[in-house]
Amino acid sequence: MDLLDTARELAEALTASEAFAAYEEAEIDFLNDDQVQALVERLEALRARWRELADAAPEEAGLLARRLDDLEAEARANVVYRRYQAARGALESFIVAVLDEVSYLISGTTRSDLPCGGGDRAAPQGAGPAFDLARRLGEQLRATEQYRRLVEAEQALLRDDEVRAWVAELQAAEERLRRLDCAASAEGPALKRRVEELKALIAAHPGHAALLEARERFDRLMGLVLDTIGLGISGGRRAESGCGTSTRACGCGSGLYLPPPARIRRVLAVTG
């Protein structure tokens, strides 16, 4: 079956889930409650004003922040608003759990022998149609030319003995930095310089350019897959509600969280 056909089927399974039904029910109440909508509009206006003042007028922004805190507390106290946010959060968590099945298949099972790799990350345990389709999607992604080239490029770079040594030193230096109070330690500046030197050495390696190119190609494919899922979840579904675009304050439309390709791919951060 075609990769995008599976993505569309996955979107259908997500919208048929209990989490999605609960979200839609809460959203209808949310969108039709005039008091909540007025509150949300005030929140968005105040947040926009705070962002404008944050750098230009810090003192005024501080006063505005207190008003914003009070308004956010008022929103959280509203039953309709709170129910909508809870349902939305539950749905987003469900979507992430489903897509973690894809993440596991395209990253967690192929890097255990590489430094900084996926290791022996536990397999997700999701059950149900959406999880089954996510696993099928992951297997289909693993079979693509883009994925094969990505894995080959990673292995070519990270199995180079010199790169492995740089990566090991970089990991140790970054871990040391995390443990240091850099403001009170003379070691901090030297460690930071060494971290940048090691990153530059890795970036200058011939295999790094090949990895970036392969990663970009896989990202484009992954982006197309996620766009297909996102469109299936929310595209055209809100026309009757008058919401307009996904930038509306209520967050409907295509506002539901979908991880970017980088989250699904989980390529080593050290090579980025």
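## An all-helix pattern and its contacts

Thr 228 touches Leu 4, Ala 7 and Arg 8, not counting residues up to four places away in sequence; contact means heavy atoms within 4.5 Å. Thr 228 sits in helix H10, residues 206–234. Helices (H or I, at least four residues) and strands (E, at least two) are DSSP runs, numbered from the N terminus. Thr 228 is buried, at a relative accessible area of 14%. Buried means under 20% relative accessible area, exposed over 50%, and partly exposed in between, with a 1.4 Å probe and protein chains only.

This is a predicted model, where local features need pLDDT of at least 70, side-chain atom pairs count only at pLDDT 80 or more, and totals for chains, interfaces and linings use all residues. Residues are numbered from 1 along each chain as its sequence is written, and side-chain values use heavy atoms, with hydrogens and water left out.

**The chain as a whole**

The protein chain has eleven helices and zero strands. Along the sequence, the pattern reads α-α-α-α-α-α-α-α-α-α-α. Of its 272 residues, 41% count as buried. Take the contacts with a separation of 6 or more: residues 24 or more positions apart account for 79% of them. The accessible surface comes to about 14500 Å², and 52% of that belongs to carbon and sulfur atoms. Accessible areas come from the Shrake-Rupley method with a 1.4 Å probe; for residues, only the protein chains shown count as cover.

**The nonpolar core**

In soluble globular proteins, nonpolar side chains tend to be buried together. A nonpolar core here is a set of buried Ala, Val, Leu, Ile, Met, Phe, Trp, Tyr and Cys residues joined through side-chain atoms within 4.5 Å. The largest one has 62 residues, of which Leu 10, Leu 141, Val 225 and Ile 229 touch the most other members. H10 gives the most to this core, with nine residues.

What does Leu 141 contact, leaving aside its neighbours within four places in sequence? The partners are Leu 3, Val 102, Ile 106, Tyr 147, Phe 218, Leu 221, Met 222 and Val 225.

Leu 3 lies in helix H1, residues 3–15. Leu 3 counts as buried, at 13% relative accessibility. With neighbours within four places set aside, Leu 3 is in contact with Leu 137, Gln 140, Leu 141, Thr 144, Leu 221 and Val 225. Leu 3 and Leu 221 are 218 residues apart along the chain, yet their C-alpha atoms are separated by 9.9 Å.

H4 covers residues 58–77, 20 residues in all. From first C-alpha to last, H4 reaches 28 Å, close to the 28 Å expected at 1.5 Å a residue. The expected span is 1.5 Å times one less than the number of residues.

Ala 61, Leu 64, Leu 68, Leu 71 and Ala 75 are buried in H4. They cover an arc of only 80° around the axis, which puts them on the same side of H4. The arc is that of the directions from the helix axis to the C-beta atoms. An α-helix has 3.6 residues a turn, so residues three or four places apart point the same way. The face of H4 turned away from the buried side carries the exposed residues Glu 59, Leu 63, Arg 66, Asp 70 and Ala 77.

Asn 78 sits in the loop between H4 and helix H5 (79–108). Is Asn 78 buried or exposed? Asn 78 counts as buried, at 13% relative accessibility. Asn 78 touches Gln 35 and Val 36, residues up to four places away not counted.

**Aromatic pairs**

The whole structure holds six aromatic pairs. Rings of Phe, Tyr and Trp (its six-membered ring) pair if their centres lie within 6.5 Å; planes under 30 degrees apart count as stacked, over 60 as edge-to-face and the rest as tilted. Two of the pairs are tabulated.

| Pair | Type | Centre to centre | Angle between planes |
|---|---|---|---|
| Phe 20 and Tyr 23 | tilted | 6.2 Å | 55° |
| Phe 30 and Tyr 84 | stacked | 3.9 Å | 10° |

Phe 20 and Tyr 23 both lie in helix H2 (residues 18–31), three residues apart, about one turn of the helix. Phe 20 is buried, at 3%, and Tyr 23 is buried, at 0%.

Phe 30 lies in helix H2 and Tyr 84 in helix H5, so this pair ties together parts 54 residues apart in sequence. Phe 30 is buried, at 1%. Tyr 84 is buried, with a relative accessible area of 1%. Phe 20, Tyr 23, Phe 30, Tyr 81 and Tyr 84 form one aromatic cluster.
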